[in-house]
Amino acid sequence: MLPWLPPSPVHFPPVSEALDDPDGLLAAGGSLAPEWLLCAYRHGIFPWYSDDQPILWWSPDPRMVLFPDEIRVSRSLAKRVRNAGFTVTANHAFDAVIEACAAPRDGLPGTWIDDEMRAVYARLHAIGAAHSVEVWRDHSLVGGLYGVGLGPVFFGESMFSRTADASKVALVKLANAMSAGGGRLIDCQMHTRHLARLGAREIARATFIGYLEEWLGSPDSDVASPDHWMPACWSFAALDGPASDSD
């Protein structure tokens with residue numbers, strides 16, 4: 001039976017208790033308050049549910065990750081980075097990025113990023129835990145991504161493109177900034193062909209949790225509380241500038 005979590009205290013079952021089918025479903029309930037989300041990421045858990053469901057928490061096995069030094073930039077992507085006139089910024093338009101990520105795509109009615117979800121990530125952004133990477137062309141926002149940065153780990157949540165390869169440019173710039181600043185891993189959550197082509201790969205959940213314990217400290221520490229948490233170790237300001245600066 002799937003555990004139902006009360007609104008308090010903040011507590012998750014061990015990720016080893018997650019279901020095999022559907023892969024990684026761990027619990028329902030709890031809250032979308034910042035302390036719940038920070039605790040979830042710290043334990044290798046993330047929320048994902050549709051608007052007709054309760055809050056659902058997941059920790060799939062295997063886990064899709066991208067090590068920043070392993071990002072794969074094809075010749076065609078490198079050419080677009082150099083010549084497509086993109087400018088990249090970080091944390092300049094967080095609300096616009098999450099709004100774009102929440103917009104309907106490919107004829108679908110919408111995404112799982114509802115108003116409540118957008119509000120809590122805006123609160124995480126306000127305290128410096130959630131970040132956005134924006135890609136601009138001719139002063140228009142054409143792509144980007146957002147997620148949560150703790151220590152050397154970026155927990156990616158969603159990305160969008162309004163023009164070819166714009167989200168890929170955001171990911172390339174993020175990976176380069178992390179490599180330069182001591183970042184170790186981008187959590188991509190679940191496998192997609194899009195991310196695999198960029199160098200992301202699956203690792204065992206136990207390995208992923210081991211990295212979090214090594215890099216972020218004991219799961220029982222207060223590293224992920226709203227009042228005391230470990231900020232990202234790399235500079236997001238280093239992303240600002242023409243996209244070609246990363247090559």
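## A walk around helix α3 and its neighbours

The buried residues of α3 pack against α4, β7 (130–137), β8 (140–150) and β9 (153–161). Buried here means under 20% relative accessible area, exposed means over 50%, and partly exposed is what lies in between, with a 1.4 Å probe and protein chains only. Helix α3 itself covers residues 94–102, and its buried residues are Phe94, Val97, Ile98, Ala100, Cys101 and Ala102. Helices (H or I, at least four residues) and strands (E, at least two) are DSSP runs, numbered from the N terminus.

A word on the source: this is a predicted model, where local features need pLDDT of at least 70 and side-chain atom pairs count only at pLDDT 80 or more, while totals for chains, interfaces and linings use all residues. Residues are numbered from 1 along each chain as its sequence is written, and side-chain values use heavy atoms, leaving out hydrogens and water.

**The whole chain**

Stepping back, the protein chain has seven helices and 14 strands. Its C-alpha trace spans about 55 × 40 × 35 Å along the principal axes. Buried residues make up 51% of the 247. Of the contacts between residues at least 6 apart in sequence, 73% join residues at least 24 apart, contact meaning heavy atoms within 4.5 Å.

**Helix on helix**

Back to α4 (residues 115–126): it packs with α1 (residues 34–42) at an angle of about 80 degrees, their axes 10 Å apart. That makes α1 roughly perpendicular to α4, a label for angles of 65 to 115 degrees. On the α1 side, the contact is made by Pro34, Leu37, Leu38 and Tyr41, and on the α4 side by Val120, Tyr121, Arg123 and Leu124.

**Two buried residues**

Tyr49 sits in the loop between β3 (46–47) and β4 (56–58), and counts as buried at 5% relative accessibility. Beyond its neighbours within four places in sequence, Tyr49 touches residues including Leu32, Trp112, Glu116 and Met117.

What about Gln189? This one lies in strand β10 (residues 185–189) and is buried too, at 8% relative accessibility. The side chain of Gln189 reaches the backbone oxygen of Gly156 at 3.4 Å, inside the polar-contact limit: a pair of N or O atoms within 3.5 Å, where within protein one must be able to donate a hydrogen and the other to accept it, and residues adjacent in sequence count only if both atoms are side-chain atoms. Other contacts of Gln189 include Phe46, Pro60 and Met64.

Most residues other than glycine have a negative phi, and most peptide bonds are trans. Here are some exceptions.

| Site | Feature | Value |
|---|---|---|
| Asp21 and Pro22 | cis peptide bond | omega about 0 degrees |
| Asp61 and Pro62 | cis peptide bond | omega about 10 degrees |
| Asp138 | positive phi | near 55 degrees |
| His139 | positive phi | about 65 degrees |

Pro22 is in the loop between β1 (4–5) and β2 (25–29), while Pro62 is in the loop between β4 and β5 (63–66). Are Asp138 and His139 buried or exposed? Asp138, in the loop between β7 and β8, is exposed at a relative accessible area of 68%. His139 lies in the loop between β7 and β8 and is exposed at 80%.

Conventions: Axes are lines fitted to C-alpha atoms, for helices over the stretch in contact, and angles run from 0 to 180 degrees between N-to-C directions. Angles under 35 degrees count as roughly parallel, over 145 as roughly antiparallel, 65 to 115 as roughly perpendicular and the rest as oblique.
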